[in-house]
Amino acid sequence: MTTEVPEVSGGRRRPGRRPGRRPGAADTRGEILAAARRVFAEKGFDKATIRGIAREAGVDPALVHHYFDSKEGMFVAAMRLPLDPSSAIPLILSGPREEVGERLVRFILTMTADPAAREPLLGLVRTAMVNEQAVGMIREFFTTAVLGRVAEALDVPPLRMEAAFAQLFGVVMTRYILRFEPLASATSRRSSRCLAPPCSVTWPDRLRAPLSYPFIELCSSIVPSAGDAVTSATRRA
């Protein structure tokens, strides 16, 4: 199956357009999304604005807000991502704090288990590997709209939050691109049980643990003696 990868090259709207709803426009929402892809690619996620995207699309900013509640929601729609921070973050944060790691792992694995949701995300990652603009755009979106918000809500150091994300990102790449077995064919439930402990970086009694702790626990969850060896090596260093 060929996956359509969102356009990430720069571009400019044609001169002469006036703000507002264009007469006879058959797909105003689609034109706004096309403009959003150009603006996000050119300016990145952080510097892109609703007003700038509206200008690029030749419409009034109020019309953009009619279709999209936020810049984050527009980015998700423009890049066809399966993850919307406005709904995903409350889902991850709700419930006992000590189970945040498990909910995070379960959410990511369940979301990427659906090929229709997974393929646009993987296509964007493949593009980012060879396109510096795409790299910056994706990095800013995840650090600003997702990881930064979760870390702030849980009062967790950003480095610790990014360490957990890096583990999950690596699992998705290994599971669906490299297709290592038996991870590639393991059920989401089984994978969650293995990955939840090292990603539980927000447990209150572990907030003061060394920043290398997630990796140590990952080793311990697979081969207990390996975790002890890494801990000893870390202390000697």
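R149 and E72 join their side chains in a salt bridge, 2.7 Å from N to O. R149 sits in helix α8 and E72 in helix α4, so the pair ties together parts 77 residues apart in sequence. R149 counts as partly exposed, at 36% relative accessibility. E72 counts as buried, at 13%. The model is predicted, and it holds four salt bridges.

Another of these bridges links E56 and R38, whose closest N and O atoms are 2.9 Å apart. E56 belongs to helix α2 and R38 to helix α1, so this pair ties together parts that are 18 residues apart in sequence. E56 is buried, with a relative accessible area of 4%. R38 is buried as well, at 17% relative accessibility. A further salt bridge joins R118 and E119, at 3.9 Å from N to O. Both of these residues are buried.

Now turn to helix α1, which covers residues 28-47. Its 20 residues would reach 28 Å as a straight helix, but the end C-alpha atoms are only 23 Å apart. The helix has a kink of about 80 degrees, centred on A41. A41 is one of the buried residues of α1, which also include I32, L33, V39, F40 and F45. Among the elements covering the buried residues are α2, α3, α4 and α8.

Helix α8 runs over residues 132-154 and contains R139. R139 counts as partly exposed, with 47% relative accessibility. A128 lies eleven residues from R139 in sequence, and their C-alpha atoms are 9.7 Å apart in space.

Conventions: Residues are numbered from 1 along each chain as its sequence is written. This is a predicted model: local features need pLDDT of at least 70, side-chain atom pairs count only at pLDDT 80 or more; totals for chains, interfaces and linings use all residues. Side-chain values use heavy atoms; hydrogens and water are left out. Helices (H or I, at least four residues) and strands (E, at least two) are DSSP runs, numbered from the N terminus. Buried means under 20% relative accessible area, exposed over 50%, partly exposed in between (1.4 Å probe, protein chains only). The expected span of a helix is 1.5 Å times one less than its number of residues. The bend at a residue is the angle between axes fitted to the seven residues ending there and the seven starting there. Contact means heavy atoms within 4.5 Å.
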